Amino acid sequence: MARVLVVDDSRETCEFLEELLGTMGLEVRQATDPDRASALLESEPFDLMLSDINLEARRDGLDLLRIAKPQGVDVILLS
């Protein structure tokens, strides 16, 4: 089963994407801030990360891209 990390500062967006992707048989984890997303990326394997580019935090989706890509995680950045 493919594992997906959804990152968005909107909890509602994370929950919507988790529900949608879950209906496709994907295992989904979510994070509403980049620090949590970074911790998940460093502690769990993921096949794909869907992340908002502009997170309301000191780090953004591009920072997460720099963490995910060397680990072989495919990344889709949303705006």
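Let me start with Arg58, which is exposed, at a relative accessible area of 69%. Please keep in mind that this is a predicted model. Arg58 forms a salt bridge with the side chain of Asp35, at 3.5 Å from N to O. Asp35 sits in helix α2 and Arg58 in the loop between β3 and α3, 23 residues apart, so this pair links distant parts of the chain.

Arg59 is in the loop between β3 and α3, so its pairing with Asp35 in helix α2 ties together parts that are 24 residues apart in sequence. What about burial? Asp35 is partly exposed, at 40% relative accessible area. Arg59, at 18%, is buried, because the cut-off for buried is under 20%.

Next, helix α3, residues 61-68. Which of its residues are buried? They are Gly61, Leu64, Ile67 and Ala68. These cover an arc of only 110° around the axis, which puts them on the same side of α3. They pack against β1, α2, β3 and β4.

Asp63 is partly exposed at 25% relative accessibility, while Arg66 is exposed at 56%. Over the whole structure, the search finds six salt bridges.

Now helix α1, residues 11-22. Its 12 residues reach 16 Å from first C-alpha to last, close to the 16 Å expected at 1.5 Å a residue. Cys14, Leu17 and Leu21 are buried in α1. Seen down the helix axis, the buried residues fall within an arc of 70°, so they line one face. The cover over them includes β1, β2, β3 and β4. On the face of α1 turned away from the buried side are the exposed residues Glu12, Phe16 and Glu19.

Phe16 comes up again at the surface. With Leu20 and Met24, Phe16 forms a nonpolar patch of about 320 Å² of accessible area together. Where is Met24 placed? Met24 is in the loop between α1 and β2, and at 53% relative accessibility it counts as exposed.

That is what I had; questions are welcome.

Conventions. Residues are numbered from 1 along each chain as its sequence is written. This is a predicted model: local features need pLDDT of at least 70, side-chain atom pairs count only at pLDDT 80 or more; totals for chains, interfaces and linings use all residues. Side-chain values use heavy atoms; hydrogens and water are left out. Helices (H or I, at least four residues) and strands (E, at least two) are DSSP runs, numbered from the N terminus. The expected span of a helix is 1.5 Å times one less than its number of residues. Buried means under 20% relative accessible area, exposed over 50%, partly exposed in between (1.4 Å probe, protein chains only). The arc is that of the directions from the helix axis to the C-beta atoms. Contact means heavy atoms within 4.5 Å. Patches are made of residues with over 30% relative accessible area and no salt bridge: like charges are joined within 9 Å, nonpolar side chains (Val, Leu, Ile, Met, Phe, Trp, Tyr) within 5 Å. Accessible areas come from the Shrake-Rupley method with a 1.4 Å probe; for residues, only the protein chains shown count as cover. A salt bridge is a side-chain nitrogen of Lys or Arg within 4 Å of a carboxyl oxygen of Asp or Glu.
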